[in-house]
Each structure stands twice: as structure tokens, then as C-alpha cells.
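Me: I've got a protein model open and would like to talk it through. Can you help me make sense of it?

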Amino acid sequence: NLGESARNPCMYFVVSGEMVYRHITEHEFFLEDREWVSEASLWVHWAHLGTLVANSDCTLLLIDAHTLRDIMAGFPANFMQARRYGRGFVRHLNMTPPHLITDLGIFKNS
């Protein structure tokens, strides 16, 4: 939900169904299979910038940020790759004008 910082931050993938994301700017984006929201939750302390509502029966896959970090710590080479990706993600986020930042996948609103 808008402005919420999850106690257990997760990234969400739409496996099946359709969802609608309503950004604080009131723009709406439709999400379908293989699209995602809240990737930023994996890399930074994140407050959601919109709401996500199912338009049909949906199946979601959740990646818990804390669990991902704990698992990746056991695989040092992969952990370093993930850290590099996360740093790039944060750089991109920091260079994006604030009114264009959303909870959507990095390329969804480009």
C-alpha cells in the first residue's frame, strides 16, 4: 500500500493473472505474467509509491529480501554479483527524477 514500508520487504512477480498498479501520480499500469513490483525492496529501505490490486485471480511469487540476502551470503561469488547489480540499481534509482520513480520493474515505466 501507498507509503507502507514492509516489515518483511519482498519483491513480487506476477506468475498468472492481471494486476493494476496505481502510482501516487494517479497513473495506472497493468501488470501481467512475468512482470514485477517492488524490486527496490531488495536493495534499499523502501516505502511503496502506489497500490497494487488484482484485476483477476492471480498467483504471485514473492522474494523475501532478508531470506535472499541470507541465502546469497552462502555463495560468495554470486553474492558479489548481486551486490554489483544492487549498486547499479540504486545508482539508476538515484538518477531518476522523483516523479518518475515507481514500484514497478525498472523498465516498465521507461
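Me: Which residues lie nearest the centre of the largest pocket?

Reply: First, this is a predicted model, where local features need pLDDT of at least 70, side-chain atom pairs count only at pLDDT 80 or more, and totals for chains, interfaces and linings use all residues. Residues are numbered from 1 along each chain as its sequence is written, and side-chain values use heavy atoms, leaving out hydrogens and water. A pocket here is an open set of points on a 1 Å grid over the protein atoms alone, where a 1.4 Å probe fits, with protein on both sides within 12 Å along at least five of seven lines; lining residues have an atom within 4 Å of a point. The largest one is lined by 16 residues, and those nearest its centre are L42, W43, V44, A65 and R69.

Me: Which helix gives the most to that lining?

Reply: Helices are DSSP runs of H or I with at least four residues, numbered from the N terminus. Helix 1 (65-72) and helix 2 (76-95) each supply at least two lining residues. The top contributor, with six residues, is helix 2.

Me: Which residue in strand 3 does Y21 stand opposite?

Reply: Look across the antiparallel pairing of strand 2 and strand 3. Opposite Y21 you'll find F29.

Note on methods. Pairing = 2+ DSSP bridges.
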